[in-house]
Amino acid sequence: MRGRDLINTALPDELLSDIFLRLDASKSSCDAISLVCKRWLKLERASRRTVRIGASGCPDEYMASMLRRFEEVRNVYIDERLTVSSLFRPGFSTRQGLQRPDARRKKSRTSEVKCSSTMYHLPIANSGSGGSSLESTSLSDDGLAILAKGCTRLEKLSLIWCSNITSAGLSSIAVNCSALKSLDLQGCYVGDQGLAAIGDCCKHLEDLNLRFCEGLSDIGLSKLATGCGKSLKALSVAACAKITDISIEAVGVCCKSLQSLSLDSEFVKNEGILAVAKGCPSLQALKLQCINVTDEALQAVGTYCSGLELLALYSFQRFTDRSLCAIGSGCKQLKNLTLSDCYFLSDKSLEAISTGCTGLTHLEVNGCHNIGTFGLESVGKSCPGLLELSLLYCQRISNNALFEVGRGCKLLQALHLVDCSSIGDDAICHIAQGCKNLKKLHIRRCYDIGDKGIIAVGENCRFLTDLSLRFCDRVGDAALIAISQGCSLQHLNVSGCHKIGDAGLIAIARGCPQLVHLDISVLQYVSDMALAELGEGCTVLKDIVLSHCRQITDSGLEHLVKGCTRVEACHMVYCPKVTAAGVATVISGCPRIKRVLVEKWKVSHRTRRRAASVLSFLCVDL
């Protein structure tokens, strides 16, 4: 049977296309399909549904070329925060390794668009010596009109920070793409006319993001709410000074199916939230950063939104425990709660939530200085299904709180502690002994936590894969040795843990072969010996941070890259014993490298010519 094509002769186009649609949309999968034969290339293009585009030289031309190649696109994501260089590295071939400089010069100047995690190249017109202006490097209304006319079955459109888009371009989308379901206009200076056109024509719109749309006012949002009221399910508004309670009330009146609302505005007060609470009984997620909202609005949410599952409150200074008591008594299905900089909340709020919302799975308390040990003890006693707990800048929460969490929350999988000065080793020991399903542990600047607590984690938490111990001065080699013996880590960050040296990292290298990310910055006693062991033991390592490691030399880097050929990012600023030769070793030894952060003066002219696109310079003049 050698030499015969059994698949192409047996399978029709329709069946092959259906198979392609069921595959993942990764670059490797799409590339593999396209390179098999011309038939597969044609079918893969016809089955492409999603396209992602970064900032480019001629975006309008790219749009036309993209639509000629992929005629069945349904989802288009354009993000002009992403430059072409972040998607494609000039000088690198599709095969692993560097291209010859003369081969690169022979090729025409090209750029690319990233399509469903796959890149394809398009010619760029010469821009001249003066460079392109802002208008030529940003998608315009003309480009958006090309998209609208060529992709009439568009369902999802994201235009993040497309600064040249106006109401005219948005109107063309509205007229031609009536099946649109999701629209992201973050950072676009569109006006009310464009949003009103979307409301008039796109009756199936379900998801709308209006973050940082400074050109919008109540008029545009009110008209959209009137037109898309039956379909709209998710709305996000932030930093829109002209959007006030007037349009939010219109949303509450018209959008009966609204399930998710995110508001960040000092111009929205109680009236808008009251209207949404009373008019949107299906509300499931509510995120508010509105400094002028008071207890009255939150009490209405507790009264009318019984199906609320997620509540996030940021920087509230005008409401008290009465709000959370109303949520606890009325929103029995609440699963996810975030409280950030809510200064007037006390333990009474957490007690009300824990006793009323016993199905709570995620809790974050950030900078709420009046919440202490008793409030978290209530959570530990009443919420056995808690999966993730984050405590940030909680000076009044002590060990006893985590004792209760360890006893009552056996399913806990993630714990984040930042600047909790009253939490020490005893608390971590109780968590380790009680929460054996722990997968992620992040601790930063908790100076009473040392080897004892981390050793207990290594002995009890066999499923731990992500460990971060940033600037925990009491953690040393003994802790990492215990972790290496008991856990198969994939992510490790021990930045600023000054007691950790070669012994701890050698143990990690030998005990955690699946390590993908490693940050050992600001470790003064780590030497080349540790890097050599990492090169031998952690062959799948992708990201490594070595900055401020004063004992590391070029020799250590050479040993590292011999085994860690999959490294994609390496940070090594302020490593005084690393020279230009070490930088060149990392770049030449890692064919998949995408980013190297180093001082500019350490990079030779030859290295800069070969790999300029992957180099980042933190301090130019040092």
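**Close-up views of a predicted model**

Buried residues account for 54% of the 622 residues in the chain. The structure shown is a predicted model, and the legends below describe selected parts of it.

**Figure 1. Overview of the chain and of the confidence of the prediction.** The chain contains 27 helices and 23 strands. Of the contacts in the chain between residues at least 6 apart in sequence, 77% link residues at least 24 apart. The average pLDDT of the chain is 88, and 88% of the residues reach a score of at least 70. Over residues 84-135, however, pLDDT stays under 50. For this stretch the model has 101 contacts beyond four places in sequence. Where pLDDT is low, the predicted coordinates should not be read in detail.

Figure 2. Seven of the ten residues of H11 are buried, so the helix is largely enclosed by the rest of the structure. These buried residues are Asp192, Gly194, Leu195, Ala196, Ala197, Ile198 and Gly199. They pack against helix H10 (167-176), strand S6 (182-184), strand S7 and helix H12.

Figure 3. The residues concerned are Asp218, Gly220, Leu221, Ser222, Leu224, Ala225 and Gly227.

**Figure 4. The packing of helices H14 and H15.** Two packed helices are described by the angle between their axes and the distance between the axes. For H14 (residues 270-279) and H15 (residues 295-304), the angle is about 0° and the axes are 9 Å apart. H14 is therefore roughly parallel to H15, because angles under 35 degrees count as roughly parallel. From H14, the residues that make the contact are Asn270, Ile273, Leu274, Ala277 and Lys278. From H15, they are Glu296, Ala297, Ala300, Val301 and Tyr304.

**Figure 5. The packing of helices H25 and H26.** The axes of H25 and H26 (residues 580-589) cross at roughly 5° and come within 9 Å. The two helices are therefore roughly parallel to each other. H25 contributes Asp554, Leu557, Glu558 and Val561 to the contact, while H26 contributes Ala581, Gly582, Thr585, Val586 and Gly589.

**Figure 6. Val567 in the loop between helix H25 (554-563) and strand S21 (569-571).** Val567 has a relative accessibility of 3% and therefore counts as buried, since the cut-off for a buried residue is under 20%. Leaving aside residues up to four places away in sequence, Val567 touches Leu541, Lys542, Cys590, Arg592 and Ile593. From C-alpha to C-alpha, Val567 and Val586 are 8.9 Å apart in space, with a separation of 19 residues in sequence.

**Figure 7. The ring pair of Phe316 and Phe319.** The count of aromatic pairs comes to two. In the pair formed by Phe316 and Phe319, the ring centres are 4.6 Å apart and the planes lie at 75°, so the arrangement is edge-to-face. Both Phe316 and Phe319 are buried.

**Figure 8. A charged group over an aromatic ring.** The charged end of Arg52 sits over the ring of Tyr77. The distance from this charged end of Arg52 to the centre of the Tyr77 ring is 4.6 Å.

Conventions. Residues are numbered from 1 along each chain as its sequence is written. This is a predicted model: local features need pLDDT of at least 70, side-chain atom pairs count only at pLDDT 80 or more; totals for chains, interfaces and linings use all residues. Side-chain values use heavy atoms; hydrogens and water are left out. Helices (H or I, at least four residues) and strands (E, at least two) are DSSP runs, numbered from the N terminus. Buried means under 20% relative accessible area, exposed over 50%, partly exposed in between (1.4 Å probe, protein chains only). Contact means heavy atoms within 4.5 Å. Rings of Phe, Tyr and Trp (its six-membered ring) pair if their centres lie within 6.5 Å; planes under 30 degrees apart count as stacked, over 60 as edge-to-face and the rest as tilted. A charge sits over a ring if NZ of Lys or CZ of Arg is within 6 Å of the ring centre and within 35 degrees of the ring normal. pLDDT is the predictor's confidence in each residue, from 0 to 100. Axes are lines fitted to C-alpha atoms, for helices over the stretch in contact, and angles run from 0 to 180 degrees between N-to-C directions. Angles under 35 degrees count as roughly parallel, over 145 as roughly antiparallel, 65 to 115 as roughly perpendicular and the rest as oblique.
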